[in-house]
Amino acid sequence: MALSDTFAEFVTARSPRLQRTAYLLTHDWAQAEDLLQTALVRAWSAWGRIDGDPEPYVRKILVNVYASWWRRRWRQVEQPTSQLPEQAAADPFSRVDKRDEVWQALGRLPRRQRAVLVLRYFEDMTEAQIADAMSISVGTVKSQANKALGKLRLDKSLTLEALHQ
């Protein structure tokens, strides 16, 4: 099999997973796509030298490229001006704060309820897959999810806005 064929197969098979990693790093799908594409270009130049499973190698490139982008962007963000802006900028941490509220509320749930929600909404598993993974019935998955979502709605520290993010 030609080198370009193995690379094309790798890109086809592993890109969704690598793009998810890139998104988790950048929190922006467009930047995640750019980050993954840059990492894959760099991997292509070393493709003939990669032994074994290339995914860890490409993931390392992904993280290194992200770190270099972050350092470069950090230097470019601050620009001194003689006048202050008229309006305050949007709080760049508000989404992070809301996400943290959700994570903390998830942490207050019983383990089984938390596991059901994580598998359902973060791992995108079906009720049947969750039931199989947790060795419980589909009905138990449904009831645990319902109870967990009810507790999250009643959690006083969570805002409705945070739940819908």
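Glu-127 is partly exposed, with a relative accessible area of 33%; buried means under 20% relative accessible area, exposed over 50%, and partly exposed in between (1.4 Å probe, protein chains only). The model is predicted: local features need pLDDT of at least 70, side-chain atom pairs count only at pLDDT 80 or more, and totals for chains, interfaces and linings use all residues. Residues are numbered from 1 along each chain as its sequence is written, and side-chain values use heavy atoms, with hydrogens and water left out.

**Overall make-up**

- The protein has 8 helices and 0 strands; helices (H or I, at least four residues) and strands (E, at least two) are DSSP runs, numbered from the N terminus.
- Of its 165 residues, 27% count as buried.
- Among contacts between residues at least 6 apart in sequence, 59% join residues at least 24 apart, where contact means heavy atoms within 4.5 Å.

**Glu-127 and helix H6**

- Glu-127 belongs to helix H6, which covers residues 127-134.
- Apart from its neighbours within four places in sequence, Glu-127 touches Val-138, Val-141 and Lys-142.
- Glu-127 and Lys-142 are 15 residues apart in sequence, and their C-alpha atoms lie 7.3 Å apart in space.

**Helix H1**

- Helix H1 runs over residues 3-26, and its 24 residues place the end C-alpha atoms only 30 Å apart, short of the 34 Å that a straight helix would reach at 1.5 Å a residue. The expected span is 1.5 Å times one less than the number of residues.
- At Arg-14, H1 bends by about 55°, and a proline, Pro-16, follows within four residues. The bend at a residue is the angle between axes fitted to the seven residues ending there and the seven starting there.
- The buried residues of H1 are Phe-7, Phe-10, Ser-15, Leu-18, Ala-22, Tyr-23 and Thr-26.
- Gln-19 also has its place in H1. Leaving aside neighbours within four places in sequence, Gln-19 is in contact with Trp-29, Ala-32, Glu-33 and Leu-36.
- The C-alpha atoms of Gln-19 and Asp-34, 15 residues apart along the chain, are separated by 9.4 Å.

**Packing of H1 with H2**

- H1 packs with helix H2 (residues 29-46) at an angle of about 145°, with the axes 8 Å apart. Axes are lines fitted to C-alpha atoms, for helices over the stretch in contact, and angles run from 0 to 180 degrees between N-to-C directions.
- Residues that meet across this pair include Phe-7, Phe-10, Leu-18 and Tyr-23 in H1, and Trp-29, Leu-36, Leu-40 and Trp-44 in H2.
- By class, the contact of H1 with H2 has 15 nonpolar, 5 polar and 1 charged residues. Ala, Val, Leu, Ile, Met, Phe, Trp, Tyr, Cys and Pro count as nonpolar, Asp, Glu, Lys and Arg as charged, and the others, Gly among them, as polar.

**Loop residues**

- His-27 lies in the loop between H1 and H2. Its phi is near 60°, a positive value in a residue other than glycine, and at 40% relative accessibility His-27 counts as partly exposed.
- Asp-124 is in the loop between helix H5 (111-122) and H6. Asp-124 has a positive phi of about 60° although it is not a glycine, and it counts as exposed at 62% relative accessibility.
- Asp-155 sits in the loop between helix H7 (138-154) and helix H8 (160-163). Asp-155 is buried, with a relative accessible area of 16%. Beyond its neighbours within four places in sequence, Asp-155 is in contact with Ala-105 and Arg-108.
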